[in-house]
Amino acid sequence: MKTHFAKTLFATLLLSAFLPLQSGDTAPRKKDRGQEIPAVNALQEPQQLPETIEIGLSTETIAIASNFNGTNLTIFGALDNADPLIRRQARYDIIVVLEGPQRNLVIREKSRYLGVWVNADSETFQSVPLSYSLASTRPLQDITDERTYRQLSLGVNYFSMTPEYGTLTDPNTIRFAQELRNLKSHQGIYTQNVGSVEFVSQTLFRATLALSANVPVGRHKARALLFRHGVFIGEANSHLNIVKAGLEQQVYEAAHQYSLAYGLFAVFLAGLTGWIGQLLFRKD
């Protein structure tokens, strides 16, 4: 009898433990310091997605012939998930950059010795872009600060130049790096154009970059960087191929694939040209 009573009592207690879960409001509740808090409603307002940027080039390949004297490259782009308020305030800024292929460059300092200019000190920088074209919606100092430009390696005066020997803080290295920038800017290879990025609609923009006649051959990298109230948001990349065409391309390939034969032929052609010139202009 006692055993039957014990089993009945245990079954009753077990059933009463589950009854509160099956009665009343079935929605889960949370307790905080003894008070019941209703569960958070799953239907909430969607959050604003972060802004993104996309770009496309007017052409993916530029062919250089003997009559090439420079051209313009147009880069189109669009903003996704742009904030309407910030867009109306015109607080979105875009910087577009076209970087040429990277090479190790040596810059030398000339010194006058016994009346003759000779090479003196020099500095070698690694992975320096052979060309650099930048366009922006506003002046760079109005978009963000120098620290951000250096972190992003953005701008003629801010992209990284790593010396082969020495450190970036060495005064001599800083002087040579600035001279290299000035030399390339004077040659028209490093350029910055303020205001050449314009919005053609609320989310679409267009940038025009001028490529000089001495633009280097190779694979170029196009970058478009988006800023909001001076804060870097995101970046989009694309590529442009600049190649030689016609006879120039054949000569270029021969010089690289058959360098010895090309050198001997150049010497022979120079000698032949001099001999013919002597025959034509000799005095009797």
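Partly exposed residues are those whose relative accessible area falls between the buried limit of under 20% and the exposed limit of over 50%. In this predicted model, E198 is partly exposed because its relative accessible area is 38%. Its salt-bridge partner is R206, with the closest N and O atoms 2.5 Å apart, and R206 is likewise partly exposed, at 32%.

That pair is a handy way into the charged contacts. Side chains of opposite charge can pair when their charged atoms come close. Six salt bridges are found across the whole structure. In one of them, R138 meets D93 with a closest N to O separation of 2.7 Å. This bridge links distant parts of the chain, since R138 sits in the loop between strand 9 (132-136) and helix 3 (146-152), while D93 belongs to strand 6, 45 residues apart.

With R223 in strand 14 and E99 in strand 6, the pair ties together parts 124 residues apart in sequence. R223 is buried at 8% relative accessibility, and E99 is buried too, at 12%. E235 joins E99 and R223 in a network of salt bridges.

E123, in strand 8 (residues 116-129), is buried without a salt bridge, and the nearest side chain of opposite charge, R175, lies 8.1 Å away. Among the residues that E123 touches are L105, V106, I107, Y165 and F176.

L240 touches, among others, L57, I62, L73, L98 and L211. Within helix 4 (residues 171-186), L180 counts as buried because its relative accessibility is 5%. L180 touches L105, I107, F125, V128 and M161, and its C-alpha atom is 8.9 Å from that of V106, 74 residues apart along the chain.

A surface patch including F265, W275 and F281 has about 970 Å² of accessible area together. F281 is found in helix 6 (residues 259-281) and is exposed, with a relative accessible area of 70%.

Definitions and conventions: Residues are numbered from 1 along each chain as its sequence is written. This is a predicted model: local features need pLDDT of at least 70, side-chain atom pairs count only at pLDDT 80 or more; totals for chains, interfaces and linings use all residues. Side-chain values use heavy atoms; hydrogens and water are left out. Helices (H or I, at least four residues) and strands (E, at least two) are DSSP runs, numbered from the N terminus. Buried means under 20% relative accessible area, exposed over 50%, partly exposed in between (1.4 Å probe, protein chains only). Lys and Arg count as positive and Asp and Glu as negative; His and the chain ends are not counted. A salt bridge is a side-chain nitrogen of Lys or Arg within 4 Å of a carboxyl oxygen of Asp or Glu. Contact means heavy atoms within 4.5 Å. Patches are made of residues with over 30% relative accessible area and no salt bridge: like charges are joined within 9 Å, nonpolar side chains (Val, Leu, Ile, Met, Phe, Trp, Tyr) within 5 Å. Accessible areas come from the Shrake-Rupley method with a 1.4 Å probe; for residues, only the protein chains shown count as cover. Lists of a residue's contacts leave out its neighbours within four places in sequence.
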